[in-house]
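The following exercises are to be worked with the sequence and the coordinates at hand. Each task is followed by a stepwise solution.

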Amino acid sequence: MINGGVHFTERGIVQNIRAMRMQTVLMGITNENVVGFDKIGYQAKVPVVSSFAEFIGEDAISTTTDDKVGRLALTENPLDVALAEKGYFQIQTKDGVKLTRDGRFKMNKDGEILALDGSRVLTNMGTPLVLPVVPEKLDDISIDLNGVVRVLNKKTRKFETAGTLGVVSQDGIAVLAPNVRQGYNEYSNVNLQSEFMQAMMYPKTFEANRQLYQIQNSNLQRVISSLGS
């Protein structure tokens with residue numbers, strides 16, 4: 001007895017489909033980094049492809065954060081603060097404590113220092129940063145390299161300490177020498193040249209897998225058609 005039939009092998013067509021989907025995800029990460037190039041406090045996402053990617057496709061892709069310091073730009077706004085070292089400011093949001101590199105702060109009428117979205121900026125003690133006196137102008141606020149915030153009391157003509165900015169690592173460990181720069185903004189750490197190089201590679205790999213998929217799919221259809229006739 002002769003056994004016949006069409007046997008489908010996953011390693012061909014399915015792997016090409018997985019590879020194309022992976023290139024699409026990787027291209028999406030690159031696009032997100034390019035869009036974030038001019039965003040203050042944005043940190044580039046780095047794709048990580050784990051083992052057995054040929055079997056699990058895009059599920060093999062995860063991302064890490066590039067924590068290198070971005071580009072510092074002078075603003076001369078006393079409440080614009082940037083970190084010249086690795087670390088994050090702590091802010092109190094409605095969803096809990098969040099970490100951010102965006103140091104564009106503001107002050108409300110009660111002397112509270114807030115993030116742009118209104119979240120409270122925290123000190124290294126985990127308490128909201130509140131100025132002991134509300135200054136007439138922002139130039140009366142001083143922030144040193146260690147993040148110590150002081151404000152000039154016009155009555156006593158002396159600077160009073162409000163607290164120290166809470167700067168921590170990704171793991172929540174205090175950064176002892178954060179190198180805080182008052183009057184600066186930190187733009188993203190995205191390397192456009194590197195991102196564009198990656199952006200050129202992904203479409204080529206996608207197209208190579210697409211062509212292989214088309215060839216294998218055409219061959220499979222031809223075999224099925226021949227057997228049917």
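This is a predicted model: local features need pLDDT of at least 70, side-chain atom pairs count only at pLDDT 80 or more; totals for chains, interfaces and linings use all residues.

**Exercise 1.** Which residues lie nearest the centre of the largest pocket, and how many residues line it?

*Solution.* Residues are numbered from 1 along each chain as its sequence is written, and side-chain values use heavy atoms, with hydrogens and water left out.

Step 1. A pocket is an open set of points on a 1 Å grid over the protein atoms alone, where a 1.4 Å probe fits, with protein on both sides within 12 Å along at least five of seven lines; lining residues have an atom within 4 Å of a point.

Step 2. The lining comprises 17 residues, and Asn33, Lys45, Val46, Ser194 and Glu195 lie nearest the centre. The elements that give two or more residues to this lining are α1 (10–35), β1 (45–49) and α3 (192–228); helices (H or I, at least four residues) and strands (E, at least two) are DSSP runs numbered from the N terminus.

Step 3. The volume of the largest pocket is about 200 Å³, taken as the space filled by probe spheres set on the points.

**Exercise 2.** Is Gln43 buried or exposed, and which side chain does it join in a polar contact?

*Solution.* Step 1. Gln43 is placed in the loop between α1 and β1.

Step 1. Its relative accessible area is 11%, so Gln43 is buried; buried means under 20%, exposed over 50%, and partly exposed in between (1.4 Å probe, protein chains only).

Step 2. The side chains of Gln43 and Tyr88 are joined by a polar contact of 2.7 Å, that is, a pair of N or O atoms within 3.5 Å, one able to donate a hydrogen and the other to accept it.

Step 3. Beyond its neighbours within four places in sequence, Gln43 has contacts (heavy atoms within 4.5 Å) with residues including Asp66, Lys68, Arg101 and Asn189.

**Exercise 3.** Where is Arg157 found, and does it count as buried or exposed?

*Solution.* Step 1. Arg157 belongs to the loop between β11 (148–153) and β12 (158–164).

Step 1. Arg157 counts as exposed, because its relative accessibility is 73%.

Step 2. Although Arg157 is not a glycine, its phi is positive, at about 60°. Asn179, likewise a residue other than glycine, has a positive phi near 55° and lies in the loop between β13 (167–168) and β14 (180–182).
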